[in-house]
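Please read them alongside the sequence and the structure.

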Amino acid sequence: HSTLEQLPPFPAALYDHTSCPVEMASRFASSLALGIACAGLASGGASSSASSNAAVAEGNASASATPFSQQDAVKFAYLSTAAYCGSLESGWACGTACEAVPGVTDILSVSDESVDAHAFVGRLDGKCILAFRGTDSLVGFKMDQKSSNLVALPGCSFKGIDCKVGQSFLEQSQSIAPRVKENLAAIGCDASTPLAVTGHSLGAALAVLALRDLVSEGYNVEVVYTFGQPRVGDPVFAHAFRQTTRSVPLFRVTRGDDPFVHMPSQTQGFQHVGLEVFYPGNDAEGYRVCNGSREDPSCSDSISSSSIWMFMLQCAVPEKCGHYLYMHDTKKGLLSHASCNNDASFVLLP
């Protein structure tokens, strides 16, 4: 029997959002927390089904050949932070993130405000970069509520079964993908030019879909670093994704106190992709390169449902929210709009 055949069936229906605790609903209304977390965590949590997909093959094969670099992770965390900042095309002067990674040139941005999808391309150290922004508007929060709806990904299948991904992730990716490629071409980044991709939260999900799309079209993607990445699609997508992108190291950086890496839940039919690099807390505490099973029970899947709820409540204060604290202590500032110069945008949830 194939690995895919060994996977258990998934429930067809989502769980009732009204099962969320009252304090969650009052603090995080119209957010990813209600749209996704309440559905999955109320039914048993992210870690409860961690062993159900243990038969799935390991993550991107080349990740072991290209070792994880904490120095690079800090750099890409800053680039993911810069993606939250406006007016990048007028000069690389967005604040802390731009100061920490000097020398980025040829910046072109792409945005679709109607679905809250944003990214920028540029050049750094002779290579091309592509960074995606996380959720940053009320439109985005409404889109997040559709993230747990699995829909078919056009042109993607594994062993005759269609792949499925989160509805909002697909809509947001499709809205800017053509212009991302146009902008890459406009700055001289053709398919043969080395390219690095990064993103945080929603931006991490868009980075995953962009990686599959770009590799399918022959782009030379060298490495991907994501932070606070949600689950993007189902196990069929995870298989097809690995088959297409196995030559590209995708480092999925997680924190023990980030509740959003558990969403959408496995009980909703989702599965992670990429090689998880798990930080229990700030980077000074060290990290663990996980076993490549995509759902390693000794990494973020080890976090209990009760702890996840506690971390969700902590996110009412961004400075205490693990989702915004990637690569602390080395990295300065939150991984959000709060680190941008002269940016009036607010921070709620990813």
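Which residue forms a disulfide with C128, and how far apart are their sulfur atoms?

1. The partner is C189, and the two sulfur atoms are 1.9 Å apart; a disulfide here is a pair of cysteine sulfur atoms within 2.5 Å. The torsion about the S-S bond of C128 and C189 is about -90°, so this disulfide is left-handed. It links distant parts of the chain: C128 sits in strand β3 (residues 127-132), C189 in the loop between α7 (167-186) and β6 (195-200), and 61 residues separate them. Helices (H or I, at least four residues) and strands (E, at least two) are DSSP runs, numbered from the N terminus.

2. On provenance, this is a predicted model, in which local features need pLDDT of at least 70, side-chain atom pairs count only at pLDDT 80 or more, and totals for chains, interfaces and linings use all residues. Residues are numbered from 1 along each chain as its sequence is written, and side-chain values use heavy atoms, with hydrogens and water left out.

3. Buried means under 20% relative accessible area, exposed over 50%, and partly exposed in between (1.4 Å probe, protein chains only).

4. The structure holds six disulfides, and two others are described here. C156 and C163 are joined with their sulfur atoms 2.0 Å apart. The torsion about that S-S bond is about -70°, so the disulfide is left-handed. C156 is buried at 4% relative accessibility, and C163 is buried at 0%. C290 and C299 form another disulfide, with a sulfur separation of 2.0 Å; the torsion is about -115°, so this disulfide is left-handed as well. C290 and C299 are both buried.

5. For the chain as a whole, the secondary structure comes to 10 helices and 10 strands. Of the 350 residues, 59% are buried. The chain exposes about 12,700 Å², of which carbon and sulfur atoms supply 52%; the areas come from the Shrake-Rupley method with a 1.4 Å probe, and for residues only the protein chains shown count as cover. Among contacts (heavy atoms within 4.5 Å) with a separation of 6 or more, 73% are between residues 24 or more positions apart.

6. Eight strands form an open sheet of mixed pairing, in the order β1-β2-β3-β6-β7-β8-β9-β10; two strands pair if DSSP finds at least two bridges between them. β1 and β10 (288-289) stand at the edges with a single partner strand each, so one side of each has no neighbour in the sheet. β6 and β7 run parallel and are joined by six bridges. L195 stands opposite V221 in β7.

7. Two helices deserve a look against this sheet. α7 packs on the sheet and touches β1, β2, β3 and β6, its direction making about 160° with that of β1. α8 lies across β3, β6, β7 and β8 (250-255), running at about 150° to β6. Axes are lines fitted to C-alpha atoms, for helices over the stretch in contact, and angles run from 0 to 180 degrees between N-to-C directions.

8. The count of salt bridges comes to 10, where a salt bridge is a side-chain nitrogen of Lys or Arg within 4 Å of a carboxyl oxygen of Asp or Glu. One of them pairs R123 with D106, the closest N and O atoms being 3.9 Å apart. R123 lies in strand β2 (residues 117-124) and D106 in strand β1 (residues 105-112), 17 residues apart. D106 is partly exposed at 40% relative accessibility.

9. The K181 to E217 bridge is at 2.6 Å, N to O. E217 lies in the loop between α8 and β7 (221-227) and K181 in helix α7, so this pair ties together parts 36 residues apart in sequence. K181 is buried at 17% relative accessibility, whereas D213 is partly exposed at 24% and E217 is partly exposed at 45%.
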